[in-house]
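Here's a quick briefing to read alongside the model. Have the sequence and the 3D view open while you go through it.

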Amino acid sequence: MEKLIEKIEEILEVDNLDLSKKFVEFEEWDSLSSLSIIALLDSDYKLVCTNDQLIKFSSIEEFCKYVLNSGK
């Protein structure tokens, strides 16, 4: 999970990611961030996700667990 968290931190331009927050709660969240997360899922995890699906996760922790449990 640490590798995924590091990549999300890089995309959101934060040093310490609060896993209890939703993506939309970050000041840095915008359409480019969303596209970057979607591209990351496709390239690194072979998962397809839409922006609407991303913002429905109750927390980044829930999102990370979903990604890791979906497998590569």
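Accessible areas here come from the Shrake-Rupley method with a 1.4 Å probe, and for residues only the protein chains shown count as cover. With that in hand, the accessible surface of the protein chain comes to about 4,600 Å², and 47% of it belongs to carbon and sulfur atoms. This is a predicted model, where local features need pLDDT of at least 70, side-chain atom pairs count only at pLDDT 80 or more, and totals for chains, interfaces and linings use all residues. Residues are numbered from 1 along each chain as its sequence is written, and side-chain values use heavy atoms, with hydrogens and water left out.

**Overall layout**

- The protein chain has four helices and zero strands; helices (H or I, at least four residues) and strands (E, at least two) are DSSP runs, numbered from the N terminus.
- Starting at the N terminus, the elements run α-α-α-α.
- A compact globule with 72 residues would have a radius of gyration near 11 Å, and the protein chain agrees at 11 Å; this radius is taken over C-alpha atoms, and the globule rule is 2.2 Å times the number of residues to the power 0.38.
- Along the principal axes, the C-alpha atoms fill a box of roughly 30 × 25 × 20 Å.
- Take the contacts (heavy atoms within 4.5 Å) between residues at least 6 apart in sequence: 52% of them join residues at least 24 apart.

**The inside**

- Buried residues make up 35% of the 72 residues; buried means under 20% relative accessible area, exposed over 50%, and partly exposed in between (1.4 Å probe, protein chains only).
- A nonpolar core is a set of buried Ala, Val, Leu, Ile, Met, Phe, Trp, Tyr and Cys residues joined through side-chain atoms within 4.5 Å.
- The largest such core has 21 residues, and Ile 8, Leu 12, Leu 17, Phe 23, Ile 60 and Phe 63 touch the most other members.
- Helices α1 (2–12), α2 (31–45) and α4 each supply at least two residues of this core.
- In soluble globular proteins, nonpolar side chains tend to be buried together.
- Setting aside neighbours within four places in sequence, Ile 8 is in contact with Leu 17, Phe 23, Ile 37, Ile 60, Phe 63 and Cys 64.

**Two buried serines**

- Ser 59 sits in the loop between α3 (51–56) and α4 (60–70), and its 12% relative accessibility is why it counts as buried.
- Beyond neighbours within four places in sequence, Ser 59 is in contact with Leu 19, Ser 20, Lys 21 and Lys 22.
- Ser 34 belongs to helix α2 and counts as buried because its relative accessibility is 4%.
- With neighbours within four places in sequence left aside, Ser 34 is in contact with Trp 29, Asn 51 and Leu 54.

**Out toward the surface**

- Leu 35 is part of helix α2, yet this leucine is exposed, with a relative accessible area of 54%.
- Asp 42 is also in helix α2 and is partly exposed at 45%.

**Positive phi values**

- Most residues other than glycine have a negative phi.
- Glu 13, which is not a glycine, has a positive phi of about 60 degrees; Glu 13 lies in the loop between α1 and α2 and is exposed at 65% relative accessibility.
- Lys 46 has a positive phi near 55 degrees; Lys 46 lies in the loop between α2 and α3 and counts as exposed at 61%.
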